[in-house]
Amino acid sequence: MANSEHLALLQAGAVRWTEWRQTNPQIAPDLSTANLQQNNLRGANLQGANLSRVDLSYALLVRANLSRADLSSANLHQAKLSDANLSSANFSVANLSQAVLIQADLSHVNLIGSDLSGAKLRGAILAKANLIGTDLSGADLRDADLGEGKLIRSNLSFANLISAHLSTADFSEANLYEAEIIGAYLYKANFYKANLHKAHLGSAYLFRANLTEADLRGADLSWANLVNANLGGANLSGANLRGAKLNGANLNGANLQDAIMPSLEVCK
């Protein structure tokens, strides 16, 4: 239950709220379960606030500071969070479906089990974020930084990851069905048992990536860099590997039935 005084101060306007926060930096605002639907909180200082189970759907939070805030089970459906500071915040089991998070800072954030389906995350920073079991289906992550992110068993089907930075990210057992991963940087990324069926990985940098037992049926890997990648036991039936670099790659036990293979010159 929200602290009535804290809620009244927030609703009194940006000037009053800012003054109170500057005067009382030691107080962590308690706004839990409050109905802040469609509120204009642009640039608001909500650092460290308790916003668990709050309704912020359709709210305006552009450039707001929500770092280290607790937004577990919060509703942020279609909220606008572009350029917001969300670093180290807790969004576990939160609803961020269709939220706008363009160029937002989500580094070290906890998004376990959250719903980011259809969210706009273009250019967002999600480095070292915990996205285990997160629904990112249809999300726009173009040019986003997910380096060292944990995306185990996450749903990225039909997601846009074009030119994204995904170095050492863990996608083990994740669903990337028909995901757009063209030109992405995937150095040492882990795709163990991941579903990459019909995924688009053209020109992706997969140097030393782990694709053990991954489902790559019908995937487009044309001109991808798979040097020293581990494709042991992977299903590459019908995959397009035209122009791909495979020197040093492990293909032991891989299914290459009907796959389009690169020329010998490319493999050297």
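Okay, let's start with charge: this protein carries 21 positive and 22 negative side chains, and the centres of the two sets sit 3 Å apart. Lys and Arg count as positive, Asp and Glu as negative, with His and the chain ends not counted; each charge is placed at NZ of Lys, CZ of Arg, CG of Asp or CD of Glu.

Quick housekeeping. This is a predicted model, where local features need pLDDT of at least 70 and side-chain atom pairs count only at pLDDT 80 or more, while totals for chains, interfaces and linings use all residues. Residues are numbered from 1 along each chain as its sequence is written, and side-chain values use heavy atoms, leaving out hydrogens and water.

Now the overall picture. The C-alpha atoms fill a box of roughly 70 × 25 × 25 Å along the principal axes. We get three helices and zero strands, taking helices as DSSP runs of H or I with at least four residues and strands as E runs of at least two, numbered from the N terminus. Of contacts (heavy atoms within 4.5 Å) between residues at least 6 apart in sequence, 4% link residues at least 24 apart. And 51% of the 268 residues are buried, meaning under 20% relative accessible area with a 1.4 Å probe, protein chains only.

So where does S154 lie? In the loop between α2 (14-23) and α3 (264-267). S154 counts as buried because its relative accessibility is 2%. Its side chain reaches the backbone oxygen of L151 at 2.6 Å. Leaving aside residues up to four places away in sequence, S154 touches L131, G133, T134, A174 and N175.

Key: Buried means under 20% relative accessible area, exposed over 50%, partly exposed in between (1.4 Å probe, protein chains only). A polar contact is a pair of N or O atoms within 3.5 Å; within protein, one must be able to donate a hydrogen and the other to accept it, and residues adjacent in sequence count only if both atoms are side-chain atoms.
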